[in-house]
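Please work through the following exercises on helix faces and helix packing. Each task is followed by a solution in steps.

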Amino acid sequence: MSESIRLIYPQWQGGVIASWIPKIPAADSARGYYLGAMLLDFLAPETEMRSFTVPISTEYHERKVTDGITDKEIILKQTKAALDILNVADADKVVTLGGECSVSVPVFTWLNKKYADDLAVVWFDQHPDVTLPTDEYTGYHAMALTACMGMGDKDIISLLPSKISSKNVCIAGIRDYEHPYIEKRVNEFGMARFTDKELSKDSTLLLNWINSTGKKKVLIHFDMDVLDPTDIVTAVADTTAGGLKLQEVVRIINEIANEFNLVSLTVAEPMPRIAIRLKRMLADLPLIR
C-alpha cells in the first residue's frame, strides 16, 4: 500500500520580488511566500497522512548574491533539510505546499530517482522557470525547472538525487517567456508547452502529451501565477494579464489524476497580499506586541 506525505515547505528566499509589490515593505513582501505556505497548510483539508515541515529561516537581512543566486547559502541549507525529510519519510507520494517555485526541486528529483526516471512532469506556470545563474535575474525560483533537469549552480545540482530529462517535462499554461533568449532555451531543450488558451476549455493536448511519453506516473507543479489575476489577484505576486481560471486548473489536474498515477502535487507561490497587510496592521497596533 502506497503512503503519501504532506510537506510544508515555506521557502521564500528564491524569490526577488519586492519591486513587484510596491505597496508592501520589502521585508514583508519577500517573506510573503512563507506566510502563503502557512496559509495553504491552514486551509488544506484535514488529512491522516503524515505531515512534515521544512525548517526555513525567517530572518530578513541584506540579501546577498552568490554565484548569480540570491541567498544561495540559505537555499543550499534548506534544500539539504528537505532532502533529509524525504529520505527519512521514504513516502511513495508527496504533496508539497510552498513557498516559491524551487520547493519542487528536491521533491521532484528525489521522486525521479525513486521511480528510476519513470515519470512525466507537468509544470503549470505562466513562465518557463528555465533561467540560469548567468542570467540577469538572480531569483532561484526562476531557475527551478532547469535545476530539476540538472542544469544550474554546481553546488545545488550536486545535492540533488537525480536529473529529469527535458523530453519528459511539459510547461502548461505558459503565457510569458519574459525574454527572447528564454524562449530560445525552451526550444533548444525540446520541451513541450501549451498556452493558457490551448488548455482553458479542453485538456486533450496535455493528456495526449503525457501518453506520448510512455510514463504512467506524473508529477505536477502548480505555480499559482498561472492563474488569471482577475480571478485571484490578491493571492499572487505576478499579475501579468491572461491566464487560466482557478476552476480550469482544478479541472485539468483532476483529469490528469484520473488517467495517470499522480505521485506528487506542489502548490507554489501563493502571495497573500491582504494577509500580509493585516499582519503589518496588527504589528503596528498598541498592546498586541
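The exercises below concern a predicted model.

**Exercise 1.** Determine which residues of helix 7 are buried and how they are arranged about the helix axis.

*Solution.* Step 1: helix 7 spans residues 180-189, and its buried residues are I182, R185, V186 and F189. Step 2: viewed down the axis of helix 7, these buried residues lie within an arc of 100 degrees, so they line one face of the helix. Step 3: the face turned away from that buried side bears the exposed residues P180, K184 and E188. Step 4: the cover over the buried residues of helix 7 includes helix 5 (144-148) and strand 8 (192-195). Step 5: after helix 7 comes G190, with a positive phi near 70 degrees.

**Exercise 2.** Describe how helix 2 and helix 12 are oriented to each other, and identify the residues that meet.

*Solution.* Step 1: the axes of helix 2 (residues 32-43) and helix 12 (residues 273-284) cross at roughly 105 degrees and come within 10 Å. Step 2: angles of 65 to 115 degrees count as roughly perpendicular, and helix 2 and helix 12 are therefore roughly perpendicular to each other. Step 3: from helix 2, G32, L35 and L39 meet A275, I276 and K279 of helix 12. Step 4: by class, the residues of this contact are four nonpolar, one polar and one charged.

**Exercise 3.** Characterise the packing of helix 9 with helix 11.

*Solution.* Step 1: helix 9 (residues 204-213) packs with helix 11 (residues 246-259) at about 35 degrees, the axes being 10 Å apart. Step 2: the crossing of helix 9 with helix 11 is right-handed. Step 3: L206, L207, I210 and N211 of helix 9 meet I252, E255, I256 and E259 of helix 11. Step 4: the residues of this contact comprise five nonpolar, one polar and two charged.

Technical notes: Residues are numbered from 1 along each chain as its sequence is written. This is a predicted model: local features need pLDDT of at least 70, side-chain atom pairs count only at pLDDT 80 or more; totals for chains, interfaces and linings use all residues. Side-chain values use heavy atoms; hydrogens and water are left out. Buried means under 20% relative accessible area, exposed over 50%, partly exposed in between (1.4 Å probe, protein chains only). Helices (H or I, at least four residues) and strands (E, at least two) are DSSP runs, numbered from the N terminus. The arc is that of the directions from the helix axis to the C-beta atoms. Contact means heavy atoms within 4.5 Å. Axes are lines fitted to C-alpha atoms, for helices over the stretch in contact, and angles run from 0 to 180 degrees between N-to-C directions. Angles under 35 degrees count as roughly parallel, over 145 as roughly antiparallel, 65 to 115 as roughly perpendicular and the rest as oblique. Ala, Val, Leu, Ile, Met, Phe, Trp, Tyr, Cys and Pro count as nonpolar, Asp, Glu, Lys and Arg as charged, and the others, Gly among them, as polar. A crossing is left-handed if the near helix is turned anticlockwise from the far one by less than a right angle, and right-handed if clockwise.
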